[in-house]
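Please walk me through this structure, starting with a helix on the inside and ending with the chain as a whole.

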Amino acid sequence: MQLSLTSSPHNHSHKSLSTIMLKVCLATSLGIVCQAYFFGFSVLIQLLLAITTAVVAEALVLKLRKRDIQTALSDYSAVLTALLLAISIPPLAPWWVIVIGTAFAIIFVKQLYGGLGFNLFNPAMAGYVLLLISFPVQMTTWSPPLELAFNQHSLLDEISVIFTGITQSGFTTEQLRLGVDGVSMATPLDSLKTGLSKGLTTSESLQSPIFGEFAGIGWQWVNVAYLLGGIYLLKSRIINWHIPVGFLASLAICASIGVVFHPGVSTGPILHLFSGATMLAAFFIATDPVSASTTNRGRLIYGAAIGLLVYIIRTYGGYPDAVAFSVLLLNMAVPLIDYYTQPKVYGAREQ
């Protein structure tokens with residue numbers, strides 16, 4: 001009998017990296033369908049542009065680095081980065097916005113740090129923040145849900161807007177933002193922040209037609225869809241529960257405390273949890289295995305800190321959503337969190 005000696009760890013997962021990435025992409029599909037249903041099929045155009053840019057950019061850098069292109073691209077990590085960035089930007093943003101953001105995420109945030117496994121920051125969120133700072137108008141021009149849009153538009157109109165800035169009928173992006181009442185509409189979180197800045201109370205701000213049954217027409221069901229996708233990832237053991245639970249619990253607790261102490265200018269946890277990019281961030285962005293914390297206690301702290309920052313920035317900051325900034329700030333804190341939460345080595349003496 002021959003014995004083979006191998007180094008630890010001895011408990012290996014049967015899931016390949018490409019399988020994990022594909023399952024994460026699959027888990028986003030219901031949310032993408034919801035986005036397309038409520039906000040138009042232009043989200044699919046953004047996806048196509050982002051994935052094409054990511055694959056080309058990664059292939060070019062790998063060729064310059066003299067690495068095997070086919071092996072690296074077959075892990076689908078570039079595709080996932082492109083997908084997460086594409087569904088985070090306004091669907092009618094100009095084509096060059098997603099191209100610039102995706103190229104930056106792949107080339108500068110991922111490959112210049114050494115490729116997958118070496119990047120310090122979440123590539124998709126770093127690309128998002130670059131776009132938000134560089135092109136604030138394009139990145140905040142969200143069109144209303146189709147059922148509230150004053151000027152209805154087809155898929156061909158959406159393609160025309162993305163590539164030329166106007167529809168086939170001559171409507172501009174700003175005109176497509178008009179709601180049924182003829183007033184430019186924004187996201188639920190942005191509408192709430194704008195109303196509060198004008199001196200309105202939370203109850204008065206929530207009278208805007210963008211707010212639906214509980215967290216905003218369209219947005220609430222998109223978040224429910226990403227929640228279901230996240231549950232699928234948990235049941236498939238693709239992600240751990242610590243980061244999503246820490247994030248969502250922290251955000252809900254902060255929002256509940258805000259309602260108790262500042263009822264006139266704070267909104268409840270339901271709107272915070274089911275509006276903006278909350279569920280997408282909790283299950284698909286914050287759980288990035290490379291840039292997130294690696295210990296169980298660390299993951300809870302990491303997720304809770306992101307939830308706290310999201311609430312603070314949404315409530316007191318200048319940005320209505322704040323997911324990208326919160327994730328990147330906690331990416332910088334990951335080494336410190338892991339250092340103080342690493343489990344003790346078995347048999348080691350207390351210092």
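In this predicted model, the cover over the buried residues of helix α5 includes α1 (17–27), α2 (29–39), α3 (42–64), α6, α7 (123–134) and α16 (278–285). Helix α5 itself runs over residues 77–86 and is mostly covered, with ten of its ten residues buried. Among the buried residues of α5 are S77 and T81, and the list also includes A78, V79, L80 and A82. L83, L84, L85 and A86 are buried residues of α5 too.

One of the helices covering α5 is α6, which spans residues 95–110 and contains both F104 and F108. An α-helix has 3.6 residues a turn, so residues three or four places apart point the same way.

The structure holds eight aromatic pairs. F104 and F108 form one that is stacked, with 5.5 Å from centre to centre and 25 degrees between the planes. Planes under 30 degrees apart count as stacked. How exposed are the two residues? F104 counts as partly exposed at 24% relative accessibility, and F108 is also partly exposed, with a relative accessible area of 45%. For Y339 and Y340, the ring centres lie 5.0 Å apart and the planes stand at 90 degrees, so this pair is edge-to-face. Y339 and Y340 are both exposed. Elsewhere, F39, W142 and W219 are linked into a cluster by ring pairs.

The view can now widen to the whole chain. The protein chain has 18 helices and zero strands. Its radius of gyration is 21 Å, close to the 20 Å that the globule rule gives for 351 residues, so the chain is as compact as a globular protein of that length. Along its principal axes, the C-alpha trace spans about 80 × 50 × 35 Å.

Of the 351 residues in the chain, 50% count as buried. The accessible surface of the chain comes to about 17400 Å², and 66% of this belongs to carbon and sulfur atoms. Contacts also tie together parts of the sequence: among those between residues at least 6 apart, 74% join residues at least 24 apart.

Methods: Residues are numbered from 1 along each chain as its sequence is written. This is a predicted model: local features need pLDDT of at least 70, side-chain atom pairs count only at pLDDT 80 or more; totals for chains, interfaces and linings use all residues. Side-chain values use heavy atoms; hydrogens and water are left out. Helices (H or I, at least four residues) and strands (E, at least two) are DSSP runs, numbered from the N terminus. The radius of gyration is taken over C-alpha atoms; the globule rule is 2.2 Å times the number of residues to the power 0.38. Buried means under 20% relative accessible area, exposed over 50%, partly exposed in between (1.4 Å probe, protein chains only). Contact means heavy atoms within 4.5 Å. Accessible areas come from the Shrake-Rupley method with a 1.4 Å probe; for residues, only the protein chains shown count as cover. Rings of Phe, Tyr and Trp (its six-membered ring) pair if their centres lie within 6.5 Å; planes under 30 degrees apart count as stacked, over 60 as edge-to-face and the rest as tilted.
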